Amino acid sequence: MSSDAYMSSDDDRPLGSLQNDGKANTGRGTANGYAKEEASDSPMSEDEDMPLSQVTAPKSEPVTPAKSLRRKRAAALDSSSEDDDTPLASSPVKQSAAISMPGTSKASTVNGHKAVKAESDGKRSSTAAKKKRASTKKGPPQKKLKREDHDASESPASEGEESTPVKKEKVSRKRKSKVKEETDAEVEEAGKSKSAKKRAVSKKVKDGADGSATPQPKKKGKVKDEAEDEEEVYKWWEAQQNNDGEVKWQTLEHNGVIFPPPYEPLPSNVKMRYKGKEVDLPLESEEVAGFYAAMLETEHAQDATFNKNFFEDWLKVLQDHPPRNKIKITNFEDCDFRPMFEHFEAEKAKKKALSTAEKKELKKQKDAFEEKYVTCLLDGRKEKVGNFRVEPPGLFRGRGDHPKKGALKFRVRPDDITINIGEGTPIPVPNMPGHWKAIVHDQTVTWLANWVENVNGNYKYVFLAAGSSLKGQSDMQKFEKARELKNHVDRIRKDYSADLRSKVMADRQRATAMYFIDKLALRAGNEKGEDEADTVGCCSLRCEHVTLEAPDFLIFDFLGKDSIRYYNRVSVDPQVFKNIKLFKDNKEDSDNLFDRVNTSLLNKHLASYMKGLTAKVFRTYNASITFQQQLDEGTPMNATIQEKLNAYNHANRMVAILCNHQRSAPKTHEQSMGKMRDRLRSLKYDRMKLRHVLFNTDPKYKKQKQYADDESDLDDDWIEDHEKSLKNKEIEKAEKKFAKDNEKLVQEGNEPQPDSVLQEKIEAAEAEYKRVAKERGTGKAKLKRDRPPEKIEETVQKLDEKIKTFKLQMDDREAGKEVALGTSKINYLDPRITAAWCSAHNVPIEKIFSKTLLVKFPWAMEVDDAWKF
DNA sequence: TTGTTAACTTAGAACTTCCCTA
DNA sequence: TAGGGAAGTTCTAAGTTAACAA
């Protein structure tokens with residue numbers, strides 16, 4: 001694509017200023033060289049002098065119909081005065097690994113960045129800097145802490161007020177002609193007459209194994225049988241694909257969603273305190289207090305923003321539902337939620353203490369209740385629904401420095417929820433009072449229900465489960481698209497490498513951004529709003545996030561998705577280094593590094609190479625191709641399963657590091673590593689003893705290499721401690737056995753053994769300890785019972801294997817303590833790579849894919865050994 | 001042209017179950 | 001056989017992206 005394609009008259013403007021809140025990047029005089037059109041290798045070149053960037057006039061927040069709808073709704077909720085309102089309810093990582101740069105054959109350390117978790121006071125831009133930044137994200141609905149009751153028994157007027165604009169909102173976009181919306185009454189009527197007319201278009205395919213046709217989809221009400229369910233796996237990947245990408249289903253039947261149970265008040269003796277006095281809270285305010293009390297010992301309750309937001313929202317609830325004993329709550333510090341916390345803890349303990357049978361019974365009841373929601377009928381086939389449980393009310397657990405963390409998340413009710421279901425299908429009845437907000441029949445989307453959440457105004461959806469055909473198809477398409485990139489990537493790389501020197505600033509910036517996305521697997525990086533945590537991706541990087549280190553190193557340090565810190569010191573193409581120097585020139589730390597690139601422009605450019613190509617595809621492509629290369633290069637031949645698994649995990653880990661997938665190290669990691677080290681030494685001790693026995697038997701063993709070397713990490717002090725502990729364990733064991741035997745004897749009406757029996761055993765253990773102590777340091781040993789040397793040789797060999805396997809497990813655990821392997825396994829690694837690898841190396845796939853993953857990836861399981869990404 | 005919305009994927013935390021060791 | 005810790009699963013926040021609207 002010609003670089004001129006993006007050269008509009010506006011191109012002179014730094015994009016940052018186009019998107020900010022009106023305070024454009026002004027005030028730095030005329031020296032802001034980055035605002036020019038043409039780029040030059042030298043930041044000092046005279047070409048740099050360009051007109052001042054145009055300033056965008058301050059804008060008030062535009063109000064779109066959907067937003068206005070939400071505001072209207074919020075206002076309506078706010079103005080409600082009904083009394084029956086129910087309140088609704090790090091440690092631093094040092095990862096360093098040398099792995100092949102995606103798309104290059106040379107090994108490099110580019111991706112071996114250090115991944116470090118954000119600390120609470122971690123890398124943040126100043127508030128001032130933040131304010132300078134663009135604020136493009138949609139505004140949240142106005143805060144409202146009261147709401148209208150939309151109970152089924154309410155007047156139709158309120159229903160109408162809500163549903164009319166909703167219709168507008170829901171069908172305003174692409175689907176005007178496809179979506180038909182009905183009122184509950186209309187739908188119920190229609191359901192009665194039309195339910196028989198099902199357009200079952202599912203096509204069962206022949207089972208690959210036996211060639212026999214699989215049975216037609218089960219009719220509703222057929223007796224459930226697990227074996228039968230097995231047979232019913234619909235192999236959509238073998239069926240003829242007739243997916244135009246628009247219509248996702250023909251018929252859809254489901255039972256809606258499960259609402260959480262209503263709030264159960266605390267026992268009358270459990271009360272929070274204010275200034276030491278018990279507060280008699282009405283249900284509504286008690287519930288919200290309870291949300292906080294339950295989190296008292298989590299990190300959330302230590303967070304000032306969280307506490308502030310919670311308290312503000314709670315005060316609003318308290319305004320309408322004040323303490324019955326007239327206590328005036330005004331100061332957060334004077335609140336003591338501990339009695340509530342302790343009550344919850346006690347309840348938890350009670351639940352934990354239930355017998356297995358009781359727990360089973362509860363589970364059975366829960367399963368029975370949920371059964372009808374777990375699955376739906378999609379094109380006549382039974383499919384699992386994913387999140388059919390509506391999110392319960394609570395406090396918003398925003399990550400990182402989210403400005404709204406701690407805010408009250410309302411209880412979602414039927415009149416908040418839009419149901420998407422097949423036309424003519426019976427409409428589910430909510431399991432709590434109220435009517436659905438709306439019913440739609442939109443075949444172009446995959447969701448079964450949605451609602452708008454109150455804290456950020458985000459849409460929430462109920463989708464099918466990961467193992468469903470819809471999700472599976474989309475997953476497979478994702479990987480196929482990533483594979484298709486193989487055919488284009490050389491050209492794309494060639495082009496952006498050339499564009500790194502482009503005279504057009506916008507092109508040069510875009511090329512540099514593409515370099516990062518390709519080489520470092522950065523996310524696209526959309527702009528974010530003031531009301532969100534300050535995190536960035538490639539296009540939204542600010543100058544403060546990248547530091548130059550001569551001759552060619554860049555140090556990236558920023559908070560990415562989920563406020564996870566991305567830290568990487570990486571050697572880059574000298575031209576990239578020059579470019580970053582140029583882009584940073586004359587800018588402030590808080591300015592956008594790429595002022596002429598945004599995700600939209602970047603993705604449009606990518607799409608010109610390949611249909612559907614976006615920044616995200618690069619991440620999938622680079623993850624999978626890296627994984628394939630790592631497996632191909634790193635899998636040992638003629639190795640044990642454990643060794644192969646280690647190679648697999650290593651490859652997986654390289655991808656996780658590339659993608660910066662982190663987890664907090666298990667709290668007990670150090671302790672458990674310590675235990676493992678002890679166990680390893682103990683195995684080595686056993687080996688040493690056996691070697692010494694062999695030496696004692698025949699000096700020839702000393703000359704044999706496999707026996708000659710000492711176990712390196714066994715020092716004298718440790719050996720002494722270990723032998724003492726062996727002795728103590730022996731004595732303990734004898735004592736236990738003695739007590740147990742006596743108990744049995746007494747039960748059988750016999751005399752217990754005399755103490756002397758135990759004493760003898762203790763003395764024997766002491767004697768053995770003394771004997772072993774004498775052997776210490778002599779290089780020779782004897783067994784309690786003689787064994788032929790061949791048998792001892794055999795045991796040493798077995799111990800060698802055990803030690804080797806154990807060491808591998810330890811290495812694996814240590815290397816992976818702060819790396820989350822799951823995310824890449826679930827989202828980025830083409831499962832066919834794993835299936836082919838397992839098959840080629842005789843590794844049972846169950847060792848790698850959990851049950852859920854096997855269910856998620858059935859489409860990938862039939863590839864042959866030679867399959868490559 | 002630019003910002004917004006809706007729909008979907010990706011992500012770590014939180015919770016639950018399983019398995020191994022003592 | 002309990003209980004501690006790891007693995008597996010669920011939950012929901014936080015991204016990306018295409019289409020749409022002003």
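This is a predicted model: local features need pLDDT of at least 70, side-chain atom pairs count only at pLDDT 80 or more; totals for chains, interfaces and linings use all residues.
H7 contributes Glu284, Ser285, Val288, Ala289 and Tyr292 to the contact. From H8 come Phe306, Asn307, Phe310, Trp314, Val317 and Leu318. By class, the contact residues of H7 with H8 divide into eight nonpolar, two polar and one charged.

Next, the sheet. Three strands make an open, antiparallel sheet, ordered E4-E8-E9. E4 (252-253) and E9 (381-384) stand at the edges with a single partner strand each, so one side of each has no neighbour in the sheet.

E8 (residues 375-378) pairs with E9 in the antiparallel sense over four bridges. Two of the facing pairs are tabulated here.

| Residue | Opposite residue in E9 |
|---|---|
| Leu378 | Arg381 |

E8 and E9 form a hairpin with two residues between them. In the turn, Asp379 has a positive phi of about 50°.

Helix H10 (residues 356-374) lies across E8 and E9. H10 runs at about 20° to E8. Which residues of E9 lie on its covered face, and which on its uncovered one? Arg381 and Glu383 are on the covered face. Lys382 and Lys384 are on the uncovered face. In a regular strand, side chains alternate between the two faces of the sheet.

Terms used: Residues are numbered from 1 along each chain as its sequence is written. Chains are lettered from A and ligands numbered from 1 in the order in which they are written. Side-chain values use heavy atoms; hydrogens and water are left out. Contact means heavy atoms within 4.5 Å. Ala, Val, Leu, Ile, Met, Phe, Trp, Tyr, Cys and Pro count as nonpolar, Asp, Glu, Lys and Arg as charged, and the others, Gly among them, as polar. Two strands pair if DSSP finds at least two bridges between them. Axes are lines fitted to C-alpha atoms, for helices over the stretch in contact, and angles run from 0 to 180 degrees between N-to-C directions. Buried means under 20% relative accessible area, exposed over 50%, partly exposed in between (1.4 Å probe, protein chains only).
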